[in-house]
Amino acid sequence: MKLDTTGMESAAPVWGSHNELVDEFSAAPSFELPNTTDFDGFQKEAIQMVKPAKGTTTLAFIFKEGVMVAADSRASMGGYISSQSVKKIIEINPYMLGTMAGGAADCQFWHRNLGTKCRLHELANKRRISVTGASKLFANILYSYRGIGLSVGTMIAGWDETGPGLYYVDNEGGRLKGMRFSVGSGSPYAYGVLDNGYRYDMSVEEAAELARRAIYHATFRDGASGGVASVYYVGPNGWKKLSGDDVGELHYRYYPVMPSTVEQEMVEVTGA
Amino acid sequence: MVGKNCFAIASDRRLGVQLQTIATDFQRISKIHDRVFLGLSGLGTDAQTLYQRLVFRHKLYQLREERDMKPETFANLVSALLYEKRFGPYFCQPVIAGLGDEDKPFICTMDSIGAKELAKDFVVAGTASEFLYGACESMFKEDMEPEELFETVSQALLSSVDRDCLSGWGGHVYVVTPTEVKERILKGRMD
């Protein structure tokens with residue numbers, strides 16, 4: 001009687017034997033390894049390539065009434081959440097905001113540095129610096145440190161004589177002017193909601209709600225974003241913080257738990 | 001986690017690929033039979049495949065021996081199956097919990113190649129395992145009744161996953177006593 005051993009077959013192929021009995025079981029699945037001399041190094045590189053650089057979600061957009069700026073508040077180190085209450089929207093001066101994505105220390109230091117330079121410009125020229133000028137200053141500083149390893153992905157948002165201004169500046173020295181930006185590992189999710197709901201003619205409340213929703217959706221999908229969704233508005237009189245809602249509570253506000261019909265009910269078993 | 005003639009087994013509900021969340025209702029804990037539960041953390045596909053293989057082996061056992069497997073025996077089975085793949089392992093860390101003879105609770109965890117770790121109080125596995133160790137250690141008490149055990153396990157789970165980017169999005173808790181199995185879903189932070 002032949003025992004049925006299909007439940008207990010081992011994965012290791014039986015070397016060298018051409019036993020008919022065993023051949024059917026012994027063909028172990030295998031896959032090709034890449035042709036490199038240093039397989040470990042290759043693996044490390046591959047992992048680094050897919051590792052997202054900036055674990056956060058920030059966004060900003062220009063609309064009829066001014067600029068709306070929003071961000072999450074989670075700081076993560078790899079998988080560890082080091083803080084759920086980080087201020088990612090930095091107040092450069094009363095009418096200009098900068099957002100933080102990338103290295104926290106880098107962003108905080110260089111934004112404060114930018115604030116200093118803006119104030120010096122005011123004193124030297126007896127008038128406020130424009131958003132264009134401030135972002136150019138920032139981009140030039142970052143360009144001079146290019147390749148050293150700073151990690152900064154920021155948006156400079158403000159209101160100057162020409163109206164609302166929004167620029168994206170990063171550590172490579174890139175500087176882009178635009179109407180809508182989102183930066184960070186959660187940005188694809190935020191863009192989905194933001195691009196869908198955006199209209200130039202929105203009221204301040206509508207725009208704030210759009211920004212809040214976009215950040216909420218990014219925190220839901222992205223592991224490196226979460227905490228509190230802060231929303232700031234920059235208008236002709238400077239910036240104003242509109243709201244800071246805990247994202248955990250926002251979820252149940254947008255998608256409340258509906259009582260569902262009971263399919264199976266468990267009853268107490270008596271005297272068991 | 002072990003209580004007084006009962007145990008609780010809990011997991012989070014997230015399925016993700018690195019930082020992206022794919023699902024928020026992933027079943028990580030499965031029932032092998034009324035008195036043995038298995039939780040599998042780690043790679044989703046390996047967790048599903050390993051679970052299917054174990055159910056298969058348990059059904060064979062039931063046919064041959066005409067009874068359910070004891071949790072200690074089941075743990076040995078899992079360990080053997082994992083070690084079979086020593087040089088190409090399943091990327092899973094199982095957590096096994098069951099009621100043995102005389103309704104004595106039995107819990108154990110394993111690494112991905114089958115090294116058993118038995119404990120009298122609690123076992124943990126997953127990306128947030130270090131946080132879980134801290135939370136369980138401080139919240140655990142001997143001989144908790146099922147209701148108090150549920151509260152403790154829920155608090156430990158929710159507070160630990162709130163420190164991990166890759167875990168969370170709700171919780172799933174099973175509290176098993178000799179007479180009944182209570183399954184509950186926890187409302188957690190969805191970020």
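1. Burial is judged by relative accessible area: buried means under 20%, exposed over 50%, and partly exposed in between, with a 1.4 Å probe and protein chains only. By this definition A:D72 is buried, because its relative accessibility is 0%.

2. This is a predicted model, in which local features need pLDDT of at least 70 and side-chain atom pairs count only at pLDDT 80 or more, while totals for chains, interfaces and linings use all residues. Residues are numbered from 1 along each chain as its sequence is written, chains are lettered from A in the order in which they are written, and side-chain values use heavy atoms, with hydrogens and water left out.

3. Over all chains there are 21 salt bridges, a salt bridge being a side-chain nitrogen of Lys or Arg within 4 Å of a carboxyl oxygen of Asp or Glu. Side chains of opposite charge can pair when their charged atoms come close.

4. One of these salt bridges joins A:K88 to A:D72, at 3.0 Å from N to O. The two residues lie 16 residues apart in distant parts of the chain: A:K88 is in the loop between β4 (80-83) and β5 (89-93) of chain A, and A:D72 is in the loop between β2 (66-71) and β3 (75-77). Strands (E, at least two residues) and helices (H or I, at least four) are DSSP runs, numbered from the N terminus. A:K88 is buried, at 5% relative accessible area.

5. A second pair is found within a helix. The closest N and O atoms of A:R212 and A:E209 are 2.5 Å apart. Both residues belong to helix α6 (residues 204-221) of chain A, and being 3 residues apart they are separated by about one helical turn. A:R212 is buried at 11% relative accessibility, whereas A:E209 is partly exposed at 28%.

6. In chain B, the side chains of B:R184 and B:E147 form a salt bridge of 3.7 Å, N to O. This pair links strand β10 (residues 181-186), which holds B:R184, with helix α4 (residues 146-161), which holds B:E147, across 37 residues. B:E147 is partly exposed, with a relative accessibility of 45%.

7. A network of salt bridges with shared partners takes in A:R74, A:D246, B:R189 and B:D191.

8. The lining of the largest cavity divides into 4 nonpolar, 4 polar and 5 charged residues. Here Ala, Val, Leu, Ile, Met, Phe, Trp, Tyr, Cys and Pro count as nonpolar, Asp, Glu, Lys and Arg as charged, and the others, Gly among them, as polar.
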